[in-house]
Amino acid sequence: MKTETHSRLIRRYTPPERANHWLTAITFILLAFSGLALFHPSMFWFTQFFGGPVWTRILHPYIGVVMFLSFAGLALKFWHHNLISRNDVEWLKRISDVIRNREDRLPEVDRYNAGQKLLFWTMIATIPTLLITGIIIWRPWFAGYFPIDLIRIAVLLHAVCAFVMISGIIVHIYAAIWIRGTVGAMVRGTVSRAWASKHHPGWYKRILQDGDKS
Amino acid sequence: MSLQSLDITRRSATTTPPPQQRQQQEVAKLIDVTKCIGCKACQSACQEWNDLREEVGINEGSYQNPHDLTENSWTLMRFAEHEQNGTLEWLIRKDGCMHCADPGCLKACPSPGAIIQYSNGIVDFQEEHCIGCGYCVAGCPFDVPRISKKDSKAYKCTLCSDRVSVGLEPACIKACPTQALVFGSKEDMIDHANDRIADLKERGFDQAGLYDPAGVGGTHVMYVLHHADQPQLYNDLPKEPTISPTVGLWKGVLKPLATAAMLFTALAGFFHYVTIGPNDAEDNEEDHPA
């Protein structure tokens with residue numbers, strides 16, 4: 001893409017990648033709200049977004065299956081960008097510099113920084129666990145086939161994984177707001193050269209060398 | 001139930017006190033298994049009063065019918081044949097909701113008001129608020145609630161809360177021909193049980209005793225057992241029932257802490273933004289023009 005090499009913007013995500021991300025995001029939001037509604041009574045009123053409490057219970061697991069499949073697409077596409085490197089360990093040790101926007105003190109970041117990679121692996125751990133435990137407690141279809149002790153473990157694990165996942169996504173959403181210019185990567189697919197060289201210099205160098213192949 | 005109650009001790013998924021101005025005496029059903037003849041009059045009376053009918057089943061080599069509690073059979077005579085020292089004992093136990101003082105079903109229920117506990121000790125399901133999630137099944141230490149295949153609501157013994165509230169005894173009590181079932185204040189029932197236990201001990205049942213398990217805070221359905229040291233002989237009546245520790249962790253620890261932690265995470269983001277502020281690459285570009 002010669003034209004883009006000379007323009008101010010660099011492509012970071014293709015249209016299918018963006019669609020895949022947003023399908024996962026939309027199903028996540030629906031799952032988080034319907035799940036939290038049944039987790040703590042202070043959020044029970046979220047059931048109103050889904051047509052009432054019974055509909056919330058009915059819809060949640062089906063949406064969950066859609067999110068799992070959608071996330072599987074993201075995982076297959078992006079896992080190889082998320083392998084942990086030595087620089088990542090160093091980056092995590094300097095997390096206080098990260099939080100204070102002192103990027104000049106950080107090791108060179110490639111396509112993803114250690115925080116993004118950690119989020120990726122957190123999702124890899126929690127989403128399949130949520131699917132499996134969710135099936136075990138899914139009424140009326142599957143729960144009846146499992147022993148009660150397993151259901152009790154599943155219901156606890158489901159809540160723990162959901163808590164870890166929701167907390168992780170809150171950080172993910174905030175990071176996109178905090179690091180200006182990030183939202184465009186997932187909405188229009190592009191980032192500025194300044195954004196790339198500041199936040200992902202390793203990736204930016206490769207782009208300059210290889211053209212627009214990320 | 002549309003009649004208003006002012007005597008609600010606990011209400012599921014509710015964090016403020018339910019209407020509890022009126023206090024009632026704690027009641028209890030006492031099931032003396034040593035007097036039970038297995039006639040199932042209690043089972044029939046339960047279906048008759050509650051206007052439910054069990055499907056006609058098949059015989060599986062025991063008098064037990066149906067084979068398990070169902071959404072239509074809220075009480076069930078369970079028959080066990082126990083051989084000991086060359087003698088056969090036919091141990092018959094009327095199973096059903098124990099109406100725990102600390103009900104695991106209520107603790108697990110996510111739907112406000114779907115399960116309530118009255119000050120007289122009765123734990124009652126309010127099916128119109130039930131969402132069919134089955135958490136009560138996971139919460140119950142006695143495997144009592146059943147989810148209906150017809151409407152996905154949970155059903156179980158009400159201890160005839162409708163009869164008790166107007167001064168009647170539960171239907172099963174009224175039907176019992178041997179007075180193996182008695183009903184009254186919990187205090188009176190414990191006294192009555194102690195008389196029975198003393199009598200049984202005199203007649204050689206050294207281990208006779210009352211089943212009112214402390215692990216669930218005591219129950220409002222109690223048993224007199226000849227083998228109180230081995231309740232599991234009576235079709236697996238649990239010896240020391242408690243709300244499962246996983247349910248305790250889930251509802252007692254994780255529920256409040258995780259809710260607070262998620263809120264804290266979101267607030268931390270907000271305060272990071274208004275103190276340290278956003279990270280803008282374009283500022284950088286102005287400092288060092290390319």
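I'll start with A:Ile173, which counts as partly exposed because its relative accessibility is 42%; the class lies between buried, under 20% relative accessible area, and exposed, over 50%, with a 1.4 Å probe and protein chains only. A:Ile173 sits in helix α7 of chain A, where a helix is a DSSP run of H or I of at least four residues, numbered from the N terminus.

A word on the source. This is a predicted model, in which local features need pLDDT of at least 70, side-chain atom pairs count only at pLDDT 80 or more, and totals for chains, interfaces and linings use all residues. Residues are numbered from 1 along each chain as its sequence is written, chains are lettered from A in the order in which they are written, and side-chain values use heavy atoms, without hydrogens and water.

Next, the interface. The size of an interface is often given as the accessible area lost when the parts come together. Chain A and chain B bury about 3,700 Å² between them, 67% of it on carbon and sulfur atoms; that is accessible area lost on being put together, 1.4 Å probe, summed over both. In chain A, the residues that lose the most area to chain B are A:Phe39, A:Arg152 and A:Arg180, together 17% of what that side buries.

There are two salt bridges between the chains, meaning a side-chain nitrogen of Lys or Arg within 4 Å of a carboxyl oxygen of Asp or Glu. One joins A:Arg8 to B:Glu282, at 3.7 Å, N to O. On the side of chain A that touches chain B, α7(A) gives the most, with 16 residues.

Last, B:Thr246, in helix α7 of chain B. B:Thr246 counts as buried because its relative accessibility is 19%. B:Thr246 touches A:Arg152, A:Ile153 and A:Leu156, leaving aside residues up to four places away in sequence; contact means heavy atoms within 4.5 Å.

Methods:
Helices (H or I, at least four residues) and strands (E, at least two) are DSSP runs, numbered from the N terminus. Buried area is the accessible area (1.4 Å probe) that two parts lose on being put together, summed over both.
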